[in-house]
Amino acid sequence: MVVCKFFLEGRCRFGANCKNEHTQSEKFGRIGNAYQQQSFNQPVRQQYFPQQQKLKESQQQETNLESLLYVVKDDATNSMQGGQWLFSCYAPLLRKFSKISFNKNEENLPSLIDYSAEELKWEAMQSSMNGQFHDYTVKLQKLSQSYQTIQRALQNLDQATSNYIVRYERGENVSPAGTALGNIVSSFPAVNTISNSPSQFSFTLPSTQNPIQAPIQQQQTAVAPFKFQLPLQQPAGASFSFHLTPQKPAAASFSFKLPSHQPQSLINTAVTNEHNATTRQIPVSTIPLITENISHHQLSQIDLDQFKADKFSFGKIPRVPPPIELR
Amino acid sequence: MFGSTGFGGSSFMGSNVVTAPTNHNPMKDFEVVSPPDESISCLEFSPASIPQNFLIAGSWDNHDGSKVFMAGCDKMAKCWDLNSNQSIQVAAHDAPIKTCHWIKSHNYSCLMTGSWDKTLKFWDLRQQSPILTINLPERCYCADVEYPVAVVSTASRHLLVYQLENTPSEAKRIESPLKYQHRCVSIFKDKKGMPTGFALGSIEGRVAIQYITPSNPKDNFTFKCHRSNGTNQQYQDIYAVNDIKFHPVHGTLATAGSDGRFSFWDKDSRTKLKTSEQMEQSITACCFNRDGQIFAYAVSYDWSKGHEFNNPQKKNYIFLHSCYEEMKPRQKS
């Protein structure tokens with residue numbers, strides 16, 4: 001049985017009729033049935049009277065919508081913490097499972113438009129082919145920030161956003177202006193708007209309207225397959241990470257081990273190098289390290305004697321490696 | 001595109017270190033020689049009419065296995081005749097084509113293509129224009145065909161079911177059982193071999209089993225998959241489900257994840273049968289051969305972390321896994 005969140009907060013409207021569990025709080029000891037509707041800081045609520053049955057359904061809707069906000073917060077937190085694909089639509093409440101009456105608003109919240117991984121990859125490839133890869137990364141960065149802003153707003157749920165979501169799910173014709181959901185997410189390519197004006201497309205329309213000719217036997221031309229090569233210098237600033245910022249890898253704690261949460265198999269060399277740069281610096285001896293082979297002719301007499309001796313004398317240890325002949 | 005009967009490739013034995021998967025073949029499966037350089041977007045085995053197992057990245061003409069259809073971002077679909085080794089264009093859209101399926105009906109055969117231009121088109125290969133165009137509410141993301149049913153899913157979580165007898169028409173729209181972007185869909189059949197429902201995967205590491213006309217609403221359910229425990233123990237890492245396929249004999253299903261693992265499931269007993277080791281990259285596509293002996297899966301980058309994690313130096317793989325025993329359903333106790 002699910003424990004009733006509202007009872008724990010002292011504000012369950014249904015009291016003994018609640019379908020969730022009203023477990024007794026240890027803090028207040030055993031309390032009898034009559035007091036179940038009472039919390040420590042709320043006035044005693046009315047008993048459930050039959051004439052209130054009409055109100056029951058609307059009250060259930062209210063309760064469902066309040067608990068909806070918990071769900072929205074949970075979803076946003078889990079997806080951000082879990083590194084989930086960012087560019088996805090989101091339906092906070094699946095209407096088929098709710099008892100709420102017919103709602104004309106779309107299930108999906110506004111502003112969050114679906115972009116699939118393939119679409120973004122296609123945009124990247126095209127931009128690269130057109131020599132506009134940097135523009136693509138800048139646009140993508142902006143898009144990524146818009147989505148992250150919305151997700152954070154869903155996690156934190158200020159008053160304006162909460163009110164908007166509740167009213168939206170009630171089916172009200174309500175505007176998201178003033179909430180994070182009201183900022184129009186800059187549409188990426190014109191993928192989601194089916195318009196025939198070429199200027200809005202980032203990929204070109206076919207040159208003729210009837211591209212299929214009568215089936216002509218065409219020789220398969222041996223064209224080298226297009227290999228998507230990124231420009232060697234990747235712009236440093238335009239990165240998007242699906243995890244919550246700030247994301248500090250474990251390198252900050254000066255350990256030689258790679259942080260285990262990093263996607264080992266997906267790291268490219270650029271990321272790995274960056275990590276290595278932050279590992280602990282080994283204190284380097286100030287004595288310059290000589291590594292060339294020195295012949296015994298170049299050694300001072302003292303050093304030569306030291307190498308020939310059975311063991312080094314303290315204070316006279318040579319600062320150069322022994323010549324090959326004496327190794 | 002390629003066809004290969006060779007089972008080759010040495011199995012690289014990595015050390016037993018627990019950190020990064022240095023072993024590119026942790027399941028010690030057969031490795032297909034000469035895999036594509038680019039990410040593999042779909043796999044299909046040849047139909048039963050061909051005695052040998054040929055594997056291609058595209059779609060087969062189910063009828064006699066002599067033709068292969070390929071569709072892609074050049075907004076065209078092509079038919080590649082394997083006998084003559086020639087390909088011709090057979091379809092066109094205004095935007096990249098995401099899905100292509102061959103439909104064989106009593107009175108017609110055609111190619112169904114779904115595109116990001118928000119249309120579903122049906123092509124008789126002998127004609128220039130589509131014999132039918134259906135407008136979709138949004139960009140086509142995934143589709144599956146099991147005659148006489150086709151299921152198409154689009155952006156914004158739309159789910160459409162079509163019946164394909166006589167002429168394709170929309171049968172119903174189903175409210176999505178998932179809250180996030182849909183990514184893959186696969187139709188399953190009942191004991192009599194009639195398509196009766198489908199499995200739907202999303203970017204949120206979740207699969208929904210949905211009956212087209214459920215006798216009991218509780219028959220439909222969802223389950224989480226391709227999640228892992230992050231270092232932050234409170235939250236799981238969430239990976240997209242890239243592909244779902246049903247075993248042709250047992251009716252159990254396989255899911256391929258962005259986490260680089262595949263899993264086998266029994267939807268009737270609602271149990272997990274197996275999860276694989278982690279591959280070096282995500283698994284982008286998978287399929288079964290016609291008799292259900294071989295499970296093929298492709299390891300390549302699915303762009304789930306954007307361009308920064310694209311490493312063209314990384315090799316792609318296609319592995320063949322012997323799966324008949326592992327995919328047997330669990331007995332309901």
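Keep in mind that the model is predicted.

**A sheet in chain B**
- Four strands of chain B make up an open sheet in the order 13-14-15-16, and the pairing is antiparallel.
- Strand 13 (140-146) and strand 16 (169-173) of chain B sit at the edges, each pairing on one side only.
- On average, neighbouring strands of this sheet are turned by 25° against each other, direction ignored.
- Zooming in, strand 14 (residues 149-154) and strand 15 (residues 159-163) of chain B run antiparallel and share five bridges.
- Look for B:S153 and you'll find its bridge partner, B:L159, in strand 15 of chain B.

**A two-sided helix in chain A**
- Helix 7 of chain A spans residues 301-308, and A:D303, A:L304, A:Q306 and A:F307 are buried in it.
- Seen down the axis of helix 7 of chain A, the buried residues fall within an arc of 160°, so they line one face of the helix.
- Over on the other side of helix 7 of chain A, A:Q301, A:I302 and A:K308 are exposed.

**A buried loop residue in chain B**
- B:T252 belongs to the loop between strand 23 (241-246) and strand 24 (253-257) of chain B.
- With a relative accessible area of 1%, B:T252 counts as buried because the cut-off is under 20%.
- The side chain of B:T252 gets to within 2.7 Å of a backbone oxygen, that of B:M327.
- Leaving aside residues up to four places away in sequence, B:T252 touches several others, among them B:W265, B:L273 and B:P329.

Note on methods. Residues numbered from 1 in each chain as written. Chains lettered and ligands numbered in written order. Predicted model: local features only at pLDDT ≥ 70, side-chain atom pairs only at ≥ 80, totals over all residues. Heavy atoms only, no water. Pairing = 2+ DSSP bridges. Axes fitted to C-alpha atoms, helices over the stretch in contact; angles between N-to-C directions. Buried < 20%, exposed > 50% of the residue type's maximum accessible area, 1.4 Å probe, protein only. Arc of directions from axis to C-beta. Polar contact = N/O pair within 3.5 Å; in protein donor to acceptor, adjacent residues only side chain to side chain. Contact = heavy atoms within 4.5 Å.
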